[in-house]
Amino acid sequence: MEIIRVEGGHAIGGTVHVSGAKNSALKLMAATILAPGKTTLQNVPNISDVHVMGKVLKGIGATIEVVDEHTLDIDTTNVDSWEAPYELVAKMRASTAVMGPLLGRFGRAKIAMPGGCNLGARKIDMHILGLEALGVEFDTAHGYINAQAPNGLTGTTVTLEFASVGATENLIMAAVRATGTTIIDNAAREPEIVDLANMLNEMGAKIVGAGTPVVQIEGVEELHPVTHRVIGDRIEAGTFIVAGALMGNEDGVTVTGFSPIHLGMVLKKLELMGIECERVEDGVRVHRAERIKPVDIQTLPFPGFPTDMQAQVMVLSALADGSSVITENIFENRFMFASELVRMGADIRIESHHAMIHGVDGFSGAQVTSPDLRGGAALVVAGLVADAVTEVSAIHHIKRGYERFVEKLQGLGAHVEHATVPDPVED
Ligand code: EPZ
């Protein structure tokens, strides 16, 4: 079994450059379906989720050339199928991001119903309701969602019940090819959505308001291929910033390759916790906090505190001078990480959507299991400050969204390594 082994107690310092944003790159890849021809995506992270999205695109007839490790030429000229197969959707829920583009280009899509995941049900009812308003008809059979727009897509106003990232993206990618104008009210405002809208506009779309709660899309006849650079990954950046706050040496840890404005609430909360992040060219520099002040946190849609940073900030809260509450408002089951941190000595009690955290003096290294992508990375970060050795298993979760996570930490001087240990005895 492959694990990540961390020897705690070693200060880290220097500069780490984050990769392109996973949660933008996956949607930009899907959006190339809308522009027949060869689109070049730059700054694409070399992570397993990108490889899965590549398989989905090749499965419907696209060709992908890996120009270099972070540049993909995606040619969707010959896309002639509209099915995202079960084995790929089951592996990666974000495969559902091809639904909007397929409907926009062909008026058809056949997507395996996404299952749940460690975070919860992960429904797509808001995607479906919004697309139905545009004229899409759905039926589900044998675990697949069949969607088609017999009379084409017609622009209208869609009000989302919740500012869902995925629903906003699928609606935008369908609406760019609808007849007439679509208004999405209560749209999600994440930076990755702005990146998607920017690329679509470069392709010839007419989208205004991305990044605000009201997005207006005027349908166009065709979109053309472009070259587009993926924004830096704000969540990967936040993960390294937390590591620097815990174990940064006197030179500090400098995290580059992303826009600090994409982490505004995170940096604000860290500041309230007594962790100073100074702005530098293309990123921030953070030093180890002498003491961490307890601060309550609520995860909310952007620009609120991102749920994808909840586990990472919980590591800080668990070592704060006092008690704090973290409330998870986005997913119904995103505290599995807390149970693993308790194994390392944290004092955390879960009550429904609230984690009651009482700061402790330190963590003790232990064998722990990644519950999901961000929780896994946060366990490695907790291992940096724990005494003795921490062994993190189920690290395939981490590889989904962090490119060369161990190597980047080693570059900062962390005593972290990949290792192989005997598989546990099946019970
Ligand atoms: C995106 O997921 C991200 N994934 C998630 O990042 C991120 O946590 C999430 O947005 C929130 O920011 C990608 O971009 C690939 P949502 P998404 O639609 O689009 C419920 C990571 O670690 N919901 O905003 O699925 C849903 O179940 C991942 O990189 C419905 O009920 O997020 C969830 O509880 C984890 N019905 C909540 O809304 C719907 O139709 C937020 O979902 C859609 C969503």
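Trainee: Which side chain has an N or O atom 2.9 Å from an oxygen atom of the ligand?

Mentor: Lys-22. This is a predicted model: local features need pLDDT of at least 70, side-chain atom pairs count only at pLDDT 80 or more, and totals for chains, interfaces and linings use all residues. Residues are numbered from 1 along each chain as its sequence is written, and side-chain values use heavy atoms, with hydrogens and water left out.

Trainee: Which other ligand oxygen distances are there, to Met-126 and to Asp-308?

Mentor: For Met-126, a backbone N or O atom lies 2.7 Å from a ligand oxygen. For Asp-308, a polar side-chain atom lies 2.6 Å from a ligand oxygen. Alone, the ligand exposes 830 Å² (Shrake-Rupley method, 1.4 Å probe). The protein buries 90% of that.

Trainee: Is Thr-40 buried or exposed?

Mentor: Buried means under 20% relative accessible area, exposed over 50%, partly exposed in between (1.4 Å probe, protein chains only). Thr-40 has 14% relative accessibility, so it counts as buried. Its side chain makes a polar contact with the side chain of Asp-73, at 2.6 Å. Such a contact is a pair of N or O atoms within 3.5 Å; within protein, one must be able to donate a hydrogen and the other to accept it, and residues adjacent in sequence count only if both atoms are side-chain atoms.
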